[in-house]
Structures are given as structure tokens and as C-alpha cells.
Amino acid sequence: VARDEKERRRLQKYIFSLEEGQDQAEEALKVSREEYKALFENSRRGEEVYRSLINSSADAIVIYDMDGFCNYVSPSFTQTFGWHLAELKGKRIPFVPESEKAATMDLIDDLIQNGTPTQNFETKRYTKRGSFWP
Amino acid sequence: VRSRNAKEGLAVSIGKILVVDDEEAIHFYLQRKFEKLGYSVCTAEDGQEALDKAFSERPDIILLDVKLPKLDGIEVCRRLKSSDMTKQIPIIILSAKAQSDEIAAGLEAGADRYLCKPVGFPDILKEIKAFDK
């Protein structure tokens with residue numbers, strides 16, 4: 001009888017310690033969720049700032065995916081070249097003249113493979129109407 | 001879980017709980033859990049302190065261990081149930097003594113419920129809520 005009682009007492013403490021561990025785990029999970037939410041909010045705000053900078057830039061900006069398909073064009077791009085995002089999204093932009101293709105591909109390869117940004121590179125592109133820019 | 005007079009007996013509005021257990025780990029844990037739920041909690045570690053707190057703190061319910069220093073829980077229960085000042089306070093015995101004669105002794109002393117250790121907190125809470133009107 002005494003041993004049974006002792007065992008019950010020991011088990012009681014064990015159960016409470018398990019419950020306490022569960023409470024702490026739930027508390028930690030709640031904190032993680034809140035931290036994740038805060039990070040997500042920050043990232044969303046960062047994305048909004050980034051979009052707003054692109055949209056207000058005077059430079060024509062295009063965002064491609066890694067396969068060279070268009071994801072985004074800025075309003076300045078539309079103003080300069082004539083195409084709207086709806087016409088280009090998920091497509092290749094038909095604005096690189098044959099004479100510029102090799103040099104352009106070299107720059108893109110260098111950027112993807114070595115991360116080298118392109119500076120002072122003069123080139124030309126077609127506009128939607130078929131004329132050259134610049 | 002055993003009871004003599006089931007739930008048709010005492011019903012009170014429970015705000016304050018007296019937790020009596022000589023094991024610190026147990027009464028600290030129960031205190032934290034009840035306080036998190038908004039209950040006010042007082043604790044006692046021996047039988048004499050349990051009697052003193054029952055009279056001075058006027059808890060709405062008592063969670064009482066049996067094996068206690070100074071005065072055992074059965075005697076504490078008997079004295080509280082024989083006093084006009086405290087007999088209306090529901091007493092739930094929470095004890096590792098689980099033999100039928102031990103349970104009978106607790107209920108004969110006037111305990112309203114008898115819980116055998118080990119028991120999880122949700123079950124203890126359920127028993128306490130059963131007295132909450």
C-alpha cells in the first residue's frame with residue numbers, strides 16, 4: 001500500500017511537470033507565431049516601399065524571372081516602350097534587336113553567374129511601334 | 001473520482017481557492033494554473049496552516065491533500081465541516097491514498113469529492129467547476 005501511494009505521488013508530480021512542459025511549448029509556439037507575423041508584416045511593408053520606388057522611378061524598369069520571362073514593368077517602361085504589363089506578363093519582350101542579342105546575353109550571363117552589375121552599357125531596343133529607342 | 005453527495009449538494013460562486021499540499025511542486029503548479037484562469041489562490045503546506053487559512057482567507061473551495069504535516073487532511077476536513085463558519089465550503093480531497101477504506105474515511109469526514117492522484121489539471125478544474133453556480 002505504501003509503495004502504491006508513493007508511486008501515485010510520484011506520478012502526480014510527473015503529470016504536472018508534463019502539463020507544465022506542454023504549457024511552455026504552447027507559449028513558445030505562440031511567441032513564434034507572433035514573431036513570424038511581425039516579420040511577415042515588415043516584409044510586406046518592405047515590398048510596398050520597393051514597389052512604390054519602382055513605380056515612381058523615371059527609369060524604365062523590367063523584372064524578369066530566371067527564365068527570362070517578364071514579371072513586371074514599371075509605368076516609365078510603358079511610357080517609354082509602349083507595352084503594358086498585361087501584354088508582357090509571362091512572355092519574352094520582343095524588343096531586343098538581332099544586333100544586340102549576343103552582347104545582351106553576355107551581360108545577363110555575367111549577372112546571373114557572377115552577380116556583376118551592368119554599368120555604362122549602351123544599347124538600343126525596339127518600341128512597340130517598331131521604332132528604335134533611343 | 002469518488003463522491004458521496006455528488007453535485008446536488010454545495011454550489012458556490014468560486015473566486016478564491018485554497019490549495020493544501022505539502023509538496024511545493026504541486027501547490028506552486030496548481031496556483032499558477034488557477035491564477036492564469038483568473039482565480040485567486042491561497043496555499044497551505046500543513047494541516048494547521050490549512051485550518052488557519054480556511055478561517056482567515058474564507059476561500060470558496062478547498063483542494064485538500066490527506067498526508068500533511070502537523071494535522072492530516074482527514075482531520076482538517078472533519079474540523080472544517082463541523083464549524084458553522086466553514087461547513088458550507090466545498091472540500092475536494094486530492095490524495096495519493098486510493099484504498100477504498102481511505103476514500104471512505106475522507107467522505108465520512110465530510111469531503112464533497114475525493115480525487116485519487118494521479119490526476120491531470122483539466123480533471124481537477126472540471127471538479128471545481130462542478131461546484132461553481
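Biologist: Which residue forms a salt bridge with B:Asp84?

Modeller: In this predicted model, B:Asp84 forms a salt bridge with B:Lys87, and the closest N and O atoms of the two lie 3.0 Å apart. A salt bridge is counted when a side-chain nitrogen of Lys or Arg comes within 4 Å of a carboxyl oxygen of Asp or Glu, so the pair qualifies at 3.0 Å. B:Asp84 is exposed, with a relative accessibility of 62%, whereas B:Lys87 is partly exposed at 42%.

Biologist: How many salt bridges are there over all chains?

Modeller: By this rule the count over all chains comes to 24. One of them is between the side chains of A:Glu5 and B:Lys97, with an N to O distance of 3.3 Å. A:Glu5 belongs to helix 1 (residues 2–56) of chain A, while B:Lys97 sits in the loop between strand 5 (91–95) and helix 4 (100–108) of chain B, so this pair joins two chains. Both A:Glu5 and B:Lys97 are buried.

Biologist: Which residue does A:Lys13 form a salt bridge with?

Modeller: The partner of A:Lys13 is B:Glu23, and their closest N and O atoms are 3.0 Å apart. Because A:Lys13 lies in helix 1 of chain A and B:Glu23 in the loop between strand 2 and helix 1 (24–36) of chain B, this pair joins two chains. A:Lys13 is partly exposed, at a relative accessible area of 35%, but B:Glu23 is buried at 17%.

Biologist: Which residues are linked in a network of salt bridges?

Modeller: Such a network links A:Glu5 and A:Arg9 with B:Asp21, B:Asp65, B:Lys97 and B:Lys117. B:Pro118 is part of the loop between strand 6 (113–116) and helix 5 (121–129) of chain B.

Biologist: Turning to helices, which residues of helix 2 of chain B are buried?

Modeller: One reads a helix by asking which of its residues are buried and where they point. In helix 2 (residues 47–57) of chain B, the buried residues are B:Gly47, B:Ala50, B:Leu51 and B:Ala54. These residues are on the same side of the helix, because they cover an arc of only 100° around the axis. They pack against strand 2 (16–20), strand 3 (40–44), strand 4 (61–64) and helix 3 (73–81), which belong to chain B as well.

Biologist: What is found at the start of helix 2 of chain B, and what follows the helix?

Modeller: At the start of the helix, a side-chain oxygen of B:Asp46 reaches to within 3.0 Å of the backbone nitrogen of B:Gln48. The residue that follows the helix is B:Arg58, whose phi is positive, near 45°; B:Arg58 is partly exposed at 39% relative accessibility and is found in the loop between helix 2 and strand 4 of chain B.

Biologist: Is B:Pro59 buried or exposed?

Modeller: B:Pro59, which is also found in the loop between helix 2 and strand 4 of chain B, is buried, with a relative accessible area of 3%. Leaving aside neighbours within four places in sequence, B:Pro59 is in contact with B:Lys16, B:Ile17, B:Leu18, B:Lys53, B:Ala54 and B:Ile89. The C-alpha atoms of B:Pro59 and B:Val41 are separated by 8.4 Å, although these residues are 18 residues apart along the chain.

Biologist: In chain A, where is A:Asn120, and what is its phi?

Modeller: A:Asn120 lies in the loop between helix 4 (98–114) and strand 3 (125–126) of chain A. Its phi is near 50°, a positive value in a residue other than glycine, and A:Asn120 is exposed at 83% relative accessibility.

Biologist: What does the side chain of A:Thr78 reach?

Modeller: The side chain of A:Thr78 reaches the backbone oxygen of A:Trp83 at 3.0 Å. A:Thr78 is found in helix 2 (residues 75–81) of chain A and is buried, with a relative accessible area of 16%.

Biologist: Which residues make the nonpolar surface patch of about 500 Å²?

Modeller: The patch is made by A:Met66, A:Met105, A:Ile108, A:Leu111 and A:Ile112. Of these, A:Met66 is found in the loop between strand 1 (62–64) and strand 2 (70–73) of chain A, and A:Met66 counts as exposed at 67% relative accessibility.

Notes
Residues numbered from 1 in each chain as written. Chains lettered and ligands numbered in written order. Predicted model: local features only at pLDDT ≥ 70, side-chain atom pairs only at ≥ 80, totals over all residues. Heavy atoms only, no water. Patch = residues over 30% accessible without salt bridge, like charges linked within 9 Å, V, L, I, M, F, W, Y side chains within 5 Å. Areas by Shrake-Rupley, 256 points an atom, 1.4 Å probe, with all protein chains shown as cover. Helix = DSSP H or I, 4+ residues; strand = E, 2+ residues; numbered from the N terminus. Buried < 20%, exposed > 50% of the residue type's maximum accessible area, 1.4 Å probe, protein only. Arc of directions from axis to C-beta. Contact = heavy atoms within 4.5 Å. Polar contact = N/O pair within 3.5 Å; in protein donor to acceptor, adjacent residues only side chain to side chain.
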